[in-house]
Amino acid sequence: MGNDFRCQLNDSVEETIDFLSQKWGTVRPSASIICGSGWGQTSEIFTESQSLDYSEIPGMNPTSVSGHLGKLILANSNDRQFLVFRGRSHFYEGKGWGPVVFPVFLTHALNSKFLLLTNAAGGISDRIAVGDLMVIRDHINLMPSNPLIGSVLHPDIPRFPDQSAVYDQQLQDKLLEIGLKHKLPLHCGTYLSLAGPAFETPAEIQAFGKLGADAVGMSTTPEAMTANALGMRVAAISCISNLAAGITPHPLSHLDVENTAVKALPVMKRVISEFLKTIH
């Protein structure tokens, strides 16, 4: 991504903010949430909200994957605003990194200090069951490229961003404390990301387990890397929607992801609701 893309990105972010201001007035979210597969309905925790389809918003790409509704929600709770992206773009959709990381640049430009990322993932570790949630402690990025390749896209991004602590330790602790306090199935682990869209082979899953991965998926790390490079505080949670290939005897299907998310939804809502109360 070169200088032309940088200019295009900056122009698009400004255009989007102008559009949202016309529709919603002042938008200053305390935190932003990007909802992965099955997580969109967690936005129901907010009693006061406004929404727009991505297709209406300049700069935003409509979603093309089942379980990603493609709506941007401005929610209000206890005199605070939250920006919720119901659905994300993925690298495997073939449109490059722009649509994947645009929400991160947008929420950063709106001065949101916190970014919560969610996804559905295949379970590798035998200590985490289907339907459990996993707070991401760290990631292994095996996507074939990197969203930060090219000219530096923002003055807040260093040429060589440090990744010693992509996922904020204090935010991880808050999430795990919520799990303990409310006796929820919440674990901590390492997430491994691939480009997709094919599910992994059993041999690959065996290799990933030896590398230290507890779960595997096709998203999240690009947004986390970008937000961290911008100086945002990042937290991420996976819903373990299925056991990975070779661990389960059954063929893998995206339908399994959606079905598990429906069952886990009450826990997902509780975790996000309690988490948002703790950040300021």
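E274 is buried, with a relative accessible area of 15% (buried means under 20% relative accessible area, exposed over 50%, and partly exposed in between, with a 1.4 Å probe and protein chains only). E274 is found in helix α6. Helices (H or I, at least four residues) and strands (E, at least two) are DSSP runs, numbered from the N terminus. Not counting residues up to four places away in sequence, E274 touches I178 and H182; contact means heavy atoms within 4.5 Å. The model is predicted, so local features need pLDDT of at least 70 and side-chain atom pairs count only at pLDDT 80 or more, while totals for chains, interfaces and linings use all residues. Residues are numbered from 1 along each chain as its sequence is written, and side-chain values use heavy atoms, with hydrogens and water left out.

A kink of about 60° lies at A264, shortly before the proline P266. The bend at a residue is the angle between axes fitted to the seven residues ending there and the seven starting there.

Side chains of opposite charge can pair when their charged atoms come close. A salt bridge is a side-chain nitrogen of Lys or Arg within 4 Å of a carboxyl oxygen of Asp or Glu. By this rule the structure has 8 salt bridges. One of them joins K269 and E44, with 2.6 Å from N to O. K269 lies in α6 (residues 254-278), and E44 lies in the loop between β1 (29-35) and β2 (48-53). The pair links distant parts of the chain, 225 residues apart. K269 is partly exposed, at 22% relative accessible area. E44 is also partly exposed, at 46%.

A salt bridge also forms between D53 and K71, whose closest N and O atoms are 2.5 Å apart. D53 is in strand β2 and K71 in strand β3 (residues 71-77), so this pair ties together parts that are 18 residues apart in sequence. D53 is partly exposed, with 28% relative accessibility. K71 is partly exposed, with 26%.

D168 pairs with R233 in a salt bridge, with the closest N and O atoms 3.0 Å apart. D168 sits in the loop between β6 (133-141) and α3 (169-182), and R233 sits in strand β9 (residues 233-243). These positions are 65 residues apart, and the pair links distant parts of the chain. D168 is buried, at 18% relative accessible area, whereas R233 is partly exposed, at 26%. R127, R137 and D214 are linked in a network of salt bridges.

The loop between β6 and α3 also holds D162. D162 is exposed, at 54% relative accessibility. The C-alpha atoms of D162 and A229 are separated by 7.4 Å, though the two residues are 67 apart along the chain.

Empty space was examined next. Rolling a probe the size of a water molecule over the atoms shows where empty space is left. On a 1 Å grid over the protein atoms alone, a cavity is a set of points where a 1.4 Å probe fits but cannot get out, and a pocket is an open set with protein on both sides within 12 Å along at least five of seven lines; lining residues have an atom within 4 Å of a point. Grid points are joined across faces, edges and corners, and a volume is the space filled by probe spheres set on the points.

The largest pocket has a volume of about 340 Å³. It is lined by 22 residues, of which S37, A120, F199, M218 and H254 are the closest to its centre. The elements giving two or more residues to this lining are β5, β8 (215-217), β9 and α6. The largest share, 4 residues, comes from β5. The lining of the largest pocket has 9 nonpolar, 11 polar and 2 charged residues. Ala, Val, Leu, Ile, Met, Phe, Trp, Tyr, Cys and Pro count as nonpolar, Asp, Glu, Lys and Arg as charged, and the others, Gly among them, as polar.

The structure also holds 3 cavities of 30 Å³ or more. The largest cavity contains about 70 Å³ of space. Residues lining the largest cavity include Y54, M60, R88, F102 and P103. This lining divides into 5 nonpolar, 5 polar and 1 charged.
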